[in-house]
Amino acid sequence: MAVGVMQATPLSVLMSRARTSPGTAMVDVPEDWLQGRTLFGGLQAIVGLAAMRTVAPKAPLRSLQVTFLAPVPGGPVHATARVLRSGKNTSHVEGRIVDGDNTLALMVAVFGQPRASAIELRPAQPAVTAGKAIELPWIPGVTPNFTQHFKARWIKGSPPWNGAVEPRNVIELGMRDSGACTESHVLAMADFIPPIALSFLKTPVPAASLTWMLELLSDDFTTLPVEGWRMDAEMFAAHDGYVNQSLVLWGPGGVPVALGRQTMVVFG
């Protein structure tokens, strides 16, 4: 099947159309951001964060926990938010992707002001010996629609369905977007990687995310381009159909940006 290009809406354009009011956000999501029959999980978090930003203080996002409860179809996607607790330096805010009275995704974010501290430690990006790089193309009807917004090259490990028994993946990553880098782009890139377990298989099977946790190590993304990023990910366990994996997201030049952990289910 030939590689094609669907009419695509870059993330910066999509989020510029978001309609917000205190405690709510709505984004009309086109089909190019779908992952099968549901919305790409990273975009679910982005829409929820847009609602949370309407009630949260103007402080950096420090952590985000997401539970994916039910499929989120394309079209108008609605989010609500409320402050759980707000102190002098940190605020806990709940966000939900909703369809009427039904909650489709539940998330809690922590926003925190910088604090004076004598402790300063940041991870250093490890060197990697690159093998033959494998680029992930977007193939209509085969790879999920949302992947057309990303440029991804596996320099260690493999994309899904290659029968490569390697639990560690290193991916050169970027986005097809001419807009400035924002925390939305960071969330999108941090959730790009599929279950590493799928690369062990040679035949496609369904998979889905159950939970996703992200910790931000930086709060200034506007000076970074949306290309030249790297993701280091590792599958720690896979049993009974459930997969546990972690990731480190590096910005251009090896800047540590985020840590993540995810629980997924693989139907095969």
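I started at Glu 94, which counts as buried because its relative accessibility is 11% (buried means under 20% relative accessible area, exposed over 50%, partly exposed in between, with a 1.4 Å probe and protein chains only). This is a predicted model: local features need pLDDT of at least 70, side-chain atom pairs count only at pLDDT 80 or more, and totals for chains, interfaces and linings use all residues. Residues are numbered from 1 along each chain as its sequence is written, and side-chain values use heavy atoms, with hydrogens and water left out.

**Salt bridges**

I looked up the partner of Glu 94 and found Arg 96, in a salt bridge at 3.0 Å, N to O (a side-chain nitrogen of Lys or Arg within 4 Å of a carboxyl oxygen of Asp or Glu). Arg 96 is partly exposed, at 27% relative accessibility. Arg 82 joins Glu 94 and Arg 96 in a network of salt bridges.

I then took Lys 151, which pairs with Glu 227 at 2.9 Å between the closest N and O atoms. Lys 151 sits in strand 10 (residues 150–156) and Glu 227 in the loop between strand 12 (207–216) and strand 13 (229–239), so the pair ties together parts that are 76 residues apart in sequence. Helices (H or I, at least four residues) and strands (E, at least two) are DSSP runs, numbered from the N terminus. Both residues are partly exposed: Lys 151 has 33% relative accessible area, and Glu 227 has 41%.

Asp 232 and Arg 230 form a salt bridge at 2.8 Å. Asp 232 is buried at 14%, and Arg 230 is buried at 10%. I noted eight salt bridges by this rule.

**Asp 177**

I placed Asp 177 in the loop between strand 11 (168–175) and helix 3 (183–190). Its side chain reaches the backbone nitrogen of Gly 179 at 2.8 Å.

I checked helix 2 (residues 41–52) last among the elements. 12 of its 12 residues are buried, so helix 2 is largely enclosed by the rest of the structure. Among them are Leu 43, Ile 46 and Met 52.

The chain has three helices and 15 strands. Buried residues make up 46% of its 268 residues. Its C-alpha atoms fill a box of roughly 50 × 50 × 40 Å, taken along the principal axes.

Note on methods:
A polar contact is a pair of N or O atoms within 3.5 Å; within protein, one must be able to donate a hydrogen and the other to accept it, and residues adjacent in sequence count only if both atoms are side-chain atoms. The expected span of a helix is 1.5 Å times one less than its number of residues.
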